[in-house]
Amino acid sequence: MAQYTGVAVSPGRVVGTIRTMAPPVAEPPATEKLPEGADPAVEAERIPAAAAAVQAALIRLAERASGDGKKILEATAQMAADPSLTQTAQGFVLSGGKSPARAVWEAGDQVASMLEGLGGYMAERATDVRDVRARIVAELRGEQAPGIPDLEEPFILTAIDLAPADTATLDPERVIALVTSDGGPQSHTAILARQLGLPAIVAAKSIHEFADGTEVFVDAGLGTITDEVTEEHHRFAEAWTELQKNPLTYEGGGGVLEDGTRVQLLANIGNAADAEKAAAAHADGVGLFRTEFLFLDREDEPSVEEQTAAYSAAFAHMAGKKVVVRTIDAGADKPLPFLTDADEPNPALGVRAYRTSWEKRSVLTNQLDAIAAAAKQSEATPWVMAPMISTVTETEDFTALCRERGLEPAGIMVETPSAAITADRQLAVCDFASIGTNDLTQYTMAADRQLGSLAHLNNPWQPAVLALVKATCDGARVAGGDPEAFGEKADKPVGVCGEAAGDPGLAVVLVGLGVNSLSMTPRSLPAVAKVLSTVTLEQAKELAAKAVAARTAEDANHLVRAGLPILGELGL
């Protein structure tokens, strides 16, 4: 028997067969030159041909993908044909006599280093360049390109880590769990696994000790993998599978606490396809519509007509339900050439999100016009909110813009400590608030959420973050909400749409602090609903008080888990 442990990033219990992703493409030796007698011009021409083949393969993958995955693959395919990479490599062949594979490797390093020097969003693209470089080298050598095994039977994928183009092709129907030896809780692999609701463990250093084809039991709630699979493990896996099939089909919908208290359970979406999945999962509506996906990877602003069509397509799946629409959240890790300043020294603290309207008002007003037009064509009820709000003056300005267009309710995102602390005054001039725990944690802990080295600080269980959630809910009551009312009955509802809402244990804490609705990836809905059904509102309040008063994030988590034995029973 062998058992290995890693960092749990997305819960779940599964029994399955390990299939190992092909190892990274080996670096060509630095001394690798053209073969004796080879024509440099002919060898150099092999490089754009290989790049074109890689681009075609990525396009084929993109055609089978959807949503964020499709966008990632399309962007990577464009990078494969980038002349700055292929022409630099050809130059190394023609002038330096390097082999095509070595030339591509060095050219890729050169381009990636240049991007890293630019910092911010551009630095993140360096990983994509190195992924494309490896695929071109594999094509030149006639090797299998790195990627997820293309198998019919479901399997547990093990890998060192996944490149963005690999994560984009993750299919939860085939890959039933993911275990990597590298990566951290904030890596793109971990984030995507959570979005998919895919059981996942990262930083399991010894996972490759298991041979390909080994049957194992993965407990991604505890972060363990073992090859001694027992009957009890099979029962755990069956119970987990059954939990995932548990739709929210009961009358009234939402989460129902043991005492009958109802909490709206909503879904996060980025487009109409996501909205369709949310409807299929019986979500009560949409708690976060990330509209910026319509704007990304563009040189100019989409027209009002184009935006109206996109919003209408998403609204069509939510007839009779609310859809909380976040206006464009550009900047920081999502720069837009027509809206944000690429030269800001610290873009996470710069002119981003709502702040871009200070100088480029029309982008926000055009978007609000499009949302209003889509609302008139739909039976959904849009709630519109602005991200990155810090002052009451900003809230008044945004709310006025919405009311001019008949967009009500109008609200704000609470992502800054200032908005949480002044929630009573903020909610006195708007209709609702939605807490974005990802950014609220980043700004509260002064820790860039893109840095893996600060992952221990970027933890929504931090007592300081929970105290600000409580401050927001307390402010909502002062502003006119009924402390005992939930859902639509509350005068000033407070929701949570950050990643924390999909953590079943943390969901209990958030409800105990006074949150009215929770929004998450659709695959997280059943587990959250199940755990909420085991506690009363009074018990949730008691656990929330313990979490806020805890010394550390770890203490808060342990105290709540001790009071929720259902988490262990379900492998959460």
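This report describes salt bridges, aromatic pairs, a pocket and a cavity in a predicted model.

## Salt bridges

The structure contains 21 salt bridges by the rule applied here. One of them joins the side chains of Asp-109 and Arg-130, with an N to O distance of 3.6 Å. This pair links distant parts of the chain, since Asp-109 belongs to helix 4 (residues 100–118) and Arg-130 to helix 5, 21 residues apart. Asp-109 has a relative accessibility of 31% and therefore counts as partly exposed. Arg-130 is also placed in the partly exposed class, because its relative accessibility is 26%.

A salt bridge is also formed by Asp-329 and Arg-326, whose closest N and O atoms are 3.7 Å apart. Both Asp-329 and Arg-326 are buried. In the salt bridge of Arg-405 with Glu-404, the closest N and O atoms lie 3.5 Å apart. Arg-405 counts as partly exposed because its relative accessibility is 22%, a value between the limits of 20% and 50%. Glu-404, at 59% relative accessibility, lies over the 50% limit and so counts as exposed.

The side chain of Arg-135 makes a polar contact of 3.1 Å with the side chain of Asp-131.

## Aromatic pairs

A pair of aromatic rings is described by how far apart the centres are and by the angle of the planes. The structure holds four aromatic pairs. Among them is the pair of Tyr-4 and Phe-210, with 5.0 Å from centre to centre and 65° between the planes, an edge-to-face arrangement. Tyr-4 is found in strand 1 (residues 3–5), while Phe-210 is in the loop between strand 6 (200–202) and strand 7 (215–219); the pair therefore ties together parts that are 206 residues apart in sequence. Tyr-4 and Phe-210 are both buried.

Phe-289 and Tyr-311 form another edge-to-face pair, because their ring planes stand at 90°, over the limit of 60 degrees, with the ring centres 5.9 Å apart. Phe-289 lies in strand 11 (residues 285–290) and Tyr-311 in helix 10 (residues 304–315), so that this pair links distant parts of the chain, 22 residues apart. At 3% relative accessibility, Phe-289 counts as buried. Tyr-311 also counts as buried, with a relative accessibility of 1%.

## The second largest pocket

Helix 5 contributes the largest share, namely five residues. By residue class, the lining of the second largest pocket consists of twelve nonpolar, five polar and five charged residues.

## The largest cavity

Four cavities of 30 Å³ or more are present in the structure. The largest cavity contains about 120 Å³ of space. Of the 20 residues lining this cavity, Leu-266, Lys-322, Val-324, Gly-495 and Ser-517 are the closest to its centre.

Strands supply the elements that give two or more residues to the lining of the largest cavity: strand 10 (262–269), strand 12 (322–326), strand 15 (432–435), strand 16 (494–496) and strand 17 (517–520). The lining residues of the largest cavity comprise ten nonpolar, eight polar and two charged residues.

Key. Residues are numbered from 1 along each chain as its sequence is written. This is a predicted model: local features need pLDDT of at least 70, side-chain atom pairs count only at pLDDT 80 or more; totals for chains, interfaces and linings use all residues. Side-chain values use heavy atoms; hydrogens and water are left out. Helices (H or I, at least four residues) and strands (E, at least two) are DSSP runs, numbered from the N terminus. Ala, Val, Leu, Ile, Met, Phe, Trp, Tyr, Cys and Pro count as nonpolar, Asp, Glu, Lys and Arg as charged, and the others, Gly among them, as polar. A salt bridge is a side-chain nitrogen of Lys or Arg within 4 Å of a carboxyl oxygen of Asp or Glu. Buried means under 20% relative accessible area, exposed over 50%, partly exposed in between (1.4 Å probe, protein chains only). A polar contact is a pair of N or O atoms within 3.5 Å; within protein, one must be able to donate a hydrogen and the other to accept it, and residues adjacent in sequence count only if both atoms are side-chain atoms. Rings of Phe, Tyr and Trp (its six-membered ring) pair if their centres lie within 6.5 Å; planes under 30 degrees apart count as stacked, over 60 as edge-to-face and the rest as tilted. On a 1 Å grid over the protein atoms alone, a cavity is a set of points where a 1.4 Å probe fits but cannot get out, and a pocket is an open set with protein on both sides within 12 Å along at least five of seven lines; lining residues have an atom within 4 Å of a point. Grid points are joined across faces, edges and corners, and a volume is the space filled by probe spheres set on the points.
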